[in-house]
Amino acid sequence: MPIVIDLDVELAKKKMSVQEFADAIGITPANVAVLKNGRAKAVRFTTLEAICRVLDCQPGDILRWVPDAAQSTETGPRA
């Protein structure tokens with residue numbers, strides 16, 4: 001998936017456990033694991049807002065776009 005969620009990096013910076021984080025944003029630890037492992041298909045804006053509030057970060061601190069191999073070969077090099 002070309003969207004990578006760097007939630008584990010931000011949790012480590014804050015020295016926060018998955019359980020503490022889940023409790024703070026109001027989702028289950030299992031759903032935090034889905035986010036951390038890149039298996040989420042969508043994230044609600046309310047959840048994203050809660051993540052940013054609790055971790056004191058911007059959405060770009062936890063979400064980044066990485067082109068997959070098929071996209072980079074289809075479009076070729078950029079000038």
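## Order of the elements

Start at the N terminus and walk along the protein chain: the elements come in the order β-α-α-α-α-α-β-α. That gives 6 helices and 2 strands in the protein chain. Keep in mind that this is a predicted model.

How much of the protein chain counts as buried? Of its 79 residues, 27% do. The protein chain exposes about 5600 Å², and carbon and sulfur atoms supply 56% of that area. Now take the contacts between residues at least 6 apart in sequence: 65% of them join residues at least 24 apart.

## The nonpolar core

Next, look inside. The largest nonpolar core has 18 residues, and the members that touch the most other members are L7, F21, I25, L35, I51 and L55. Which elements give two or more residues to this core? They are α1 (7–14), α2 (18–25), α3 (29–36) and α4 (45–55). Of these, α4 gives the most, with 6 residues.

Leaving out residues up to four places away in sequence, L55 touches L7, E10, L11, K14, M16 and F21. Two residues on that list, L7 and F21, also belong to the group of core members with the most contacts to other members.

## A salt bridge across the chain

The structure holds 3 salt bridges. One of them joins R64 and D6, with the closest N and O atoms 2.6 Å apart. This pair links distant parts of the chain: R64 sits in strand β2 (residues 63–65), while D6 is in the loop between β1 and α1, and the two are 58 residues apart.

Are the two partners buried or exposed? D6 has a relative accessible area of 15%, so it counts as buried, the cut-off being under 20%. R64 is at 42%, which means it counts as partly exposed.

## Salt bridges within helices

Another salt bridge joins the side chains of K13 and E10, at 3.2 Å from N to O. Both residues lie in helix α1, 3 residues apart, or about one turn of the helix.

What about the accessibility of E49? With a relative accessible area of 45%, E49 is partly exposed. Remember that α4 is also the element that gives the most residues to the core.

## A nonpolar patch outside

Finally, turn to the surface. I3, L63 and W65 form a nonpolar patch there, and together they have about 290 Å² of accessible area. Where does I3 sit? Its place is in strand β1 (residues 3–5).

As for strand β2, it spans residues 63–65 and holds R64, the salt-bridge partner of D6.

Methods. Residues numbered from 1 in each chain as written. Predicted model: local features only at pLDDT ≥ 70, side-chain atom pairs only at ≥ 80, totals over all residues. Heavy atoms only, no water. Core = buried A, V, L, I, M, F, W, Y, C linked by side-chain atoms within 4.5 Å. Buried < 20%, exposed > 50% of the residue type's maximum accessible area, 1.4 Å probe, protein only. Helix = DSSP H or I, 4+ residues; strand = E, 2+ residues; numbered from the N terminus. Contact = heavy atoms within 4.5 Å. Patch = residues over 30% accessible without salt bridge, like charges linked within 9 Å, V, L, I, M, F, W, Y side chains within 5 Å. Areas by Shrake-Rupley, 256 points an atom, 1.4 Å probe, with all protein chains shown as cover. Salt bridge = Lys/Arg side-chain N within 4 Å of Asp/Glu carboxyl O.
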